[in-house]
Amino acid sequence: VASQRTAGARLGRRARQPRARIAALATTAPPDVKEEVAVGYEWRRFGGDWEVHKFGGASLETAELYKTCGELLRAEASRSVAGAATVIPTAAVVSAAGGMTDALVGVVSTSVKDPVEAEGKMKTAAQRQIDILLELVPGRPDLTDPVIANITKDSEGVMAMLTAVKLLRGVPPQMIELVAGLGEVWSAQTLASYLKSVGEEVGWVDARDVLIVPDASAGSLGEKGQALETIQPIWEATYDKLQGWWQQTFGAPKGNDSPAPFVIVTGFVCSTESGRPTTLKRSGSDYSATIFAKLLGSARVVFWKNVNGVYTADPRRVPKAFSIASMTFDEAMELAYFGGQVLHPSAMIPCIEKRIPVLVRNVFNPSHPGTRVYGRGDDWLRWEDQDELESDDSPPVKAITSIEKVALVTLSGASFLGTHGVARRMMDALASTGVNVILTSQGSSEHSITVAVDEGDAPVAAASVEQAFAVELSTDSEIRVTTVPGCSILAAIGEGMKNRPNISGRFFNALGRAQVNVIAIAQGSSERNISAVVPREDLSRALRAAHAGFTLSDTTVAVGIIGCPGNNRVIAHLLKQIANFEDSSGRGRNLRAMKDVNHLHIEVRALANSGKMLFAEHGVPPEQLESATNDLDALHADLSKEAPEGEFDLASAEWSALGEYMGTKRIPHKVLIDCTDSDDVAKSYPEWLKRGIHVVSQNKRVGAGSLDLYRDVMEVTRKSEANLYLESMVGAQMPIISVMHDIVQTGDNITRVDGIFSGTMGYILDRVQRAEGTTFSEALAEAKERGLPEPDPFADVSGLDTARKALVLARELGFDLELEDVTVESLVPKDAEGKGWDALQEALKASTDAELAARVSEAQAKGECLRYVGRVDAVAGKISVGLRSFPMDHPFSTTRDSETTIAFRTGQYTEATPLLLRGPGAGPVAIASGVFADLLRLTKNL
């Protein structure tokens, strides 16, 4: 049946192509002595559409998981292809049960010191496999007894060898390889027994009897995930061995219409030419799968993992990482080399040679398509049947990966300038001691050469370089060999980086804005990889920043909001806006204005008031933001009901501790929003900014407080990567400061700024003059009901609020003025300050109501309108605040309700035609919108 299927009929199949020469690949296998093997091998009777499935240890940890894998094989072998029922020839390569290889290696290493303990560990390991088998295939001694006998025989053989280990006081590498490979042998028999128990025809292959490698391949086991030198099979001998196994296991052909049997292969293990058992080294089971895919002539190889394919980054470090739909073999090899352990580099070589697609899928989520790896990246190597490369609109970087534990070894000296052969001598020294160089960074002069090596190899690497340059080191004190431990390598990988400008700029800009120091850099000439060495403690932050920098995930901004009881309504509206933004249902994502914020995620990590602070390790859930109030105790109790311990914490308000908490390395970008009127909070700005925490401030104690504090904050802002946004401090959502900056930056000269800065005072005067009989105190009471005044209304009616806002603008224009330098006409007796609302009302009724009524009558008699205005005279360098009357056609006279109106006089915008800004300037909604706009404005530059 399988042989009658047409080429290209099913998903993921490759077109049958003559073998192409694989160029530009350092580990290319030698030419195959049996290039066209379709004739003469029994398994080829079932066609060239075999599929090989690889199951790792995490997929085979329990009896239930073995059953899952067995049923997955049956489903894949009988799935519908192009709408027709088929029987697909299927093989599986299996790893040892999860944790078994480490347990077996532990048996041998323990035997050096304690043979009795080692024997106990051996029995435990063997019994674990037997228990899995008996649970998986209950009541079938005909199937389980032979496997148990084999496991028992193997374990007894190991225990017999343990005595020799004790006498030798060491463990020969060959013994470790022999024992470590038993897990795969037991695993293959276990899975085969299950398939037999459900009626399938199955044969299991001990790869030690089939897969032959050169004698020189025997040696150390290697570390998990380590990309050791590729071991090349002896293909002719291996083909012949597999043919012999097939004939011995399945006998003569049963007819052309008979379905192919399942073939279960032991991964990891093999034998040398002389017959000595060895392995393909740690993580070699992936390589086993692709070797057997080449032997069987497979149409595809499926690696079953516990994730949905190859991810854009390690999801443990970058929660927003996602699976990649497709990638080239070149991208996959770069990813594997730089720490991505989903695929082993060696495993891809046979698939490149035979053009076999590789799929990485999730054994726990088989409906997910996973990642398809196929094709080459360079134009001259591209295959005619591979997908087209991504368009210019696709992200140029496919994935961000890392190698966590590396050290830098640097050879430097001024006398090396222009000296030939320094790099060669250094590399020869490292190679002579077997040190693998992961990355090289070098100046063209060879004055300084830095290599990144595995941190465990750093002492050996440094010693080898010192020995190679011993003469120079002894005669020139400026020549040094230095080692920097505690580093990590971060790499951006993708075919889309080629011939596209500003990729490096985006990469390093993202790291810089996340406050990540780059120690060394390197870029391959293929333009497929940019690498940077960073401090290990900054690795998670660097990964997230780079991942977001290439729009592979949302840019996450951690936000802390500080408020006071009087500003509770402002914070409530701000939290509501953030919740609506996160919901995104109302966002017009296709609008050009939304381009910069479509990939923004706001995580509210902290809420604080003058008494307490609520910390949320992974943010307050958006659906609970709207209900968040100033009662942090109640909010904490509500959030903690079903949350893990430590997810939400409550602490006493301490601003230094808040900065420390917000300075998390988990998230690159942090912002504190200050909606208070607190000197203590304002004094913490320099510390926060030095930590790299951005600040959005509505607190006028910074912009209009002590001049020394203002200077200190601005100096820290200038020196650090963190930014301070003050826009909402003056005009709520109106861009007063931004417009003023634009005027100055374009070369115009501001001569004067006039403005109705206080929306509360604007409302009061509008009511007094338009609603006949309304007094000043009555209008203020109405304004208070609408939530317009400052937390302390005295600040509005005394002119303090207007004076502060005018002072902020003056300082932005370069004037070093204190609040005491502002001339203020207050409309309330000084002795009413700080005595509360009732005392303020009494003072207003006692004097201000009548005085203001008289001033209004005087202005109306002249046909004018009274307004409370702040003026910054940039020519005289002075600020004045007070009542002024204006003709009825003046822009200030036409201001209504709580509107703010600002007039800029400049060289371009004259007295007759000033530049005007007008809009709502008071109230919780306008202020919250201004603060939120500042936050979004800040994020556009991240």
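Biologist: Is Asp206 buried or exposed?
Modeller: Asp206 is buried, at a relative accessible area of 12%; buried means under 20%, exposed over 50%, partly exposed in between, with a 1.4 Å probe and protein chains only. Keep in mind that this is a predicted model, where local features need pLDDT of at least 70, side-chain atom pairs count only at pLDDT 80 or more, and totals for chains, interfaces and linings use all residues. Residues are numbered from 1 along each chain as its sequence is written, and side-chain values use heavy atoms, leaving out hydrogens and water.

Biologist: Which residues does Asp206 touch?
Modeller: Val185, Thr266 and Val269, if you skip residues up to four places away in sequence. Contact here is heavy atoms within 4.5 Å.

Biologist: And where does Asp206 sit?
Modeller: In the loop between strands E5 (202-205) and E6 (212-213). Strands are DSSP E runs of at least two residues, helices H or I runs of at least four, numbered from the N terminus.

Biologist: Switching topic: what's the strand order in the six-stranded open sheet?
Modeller: E15-E16-E14-E17-E19-E18, with antiparallel pairing; two strands pair if DSSP finds at least two bridges between them.

Biologist: Which strands are at the edges?
Modeller: E15 (437-442) and E18 (520-523). Each has a single partner strand, so one side of each lacks a neighbour in the sheet.

Biologist: How many bridges join E18 to E19?
Modeller: Four, and the two strands run antiparallel. Ala520, for one, has Val533 in E19 as its bridge partner.
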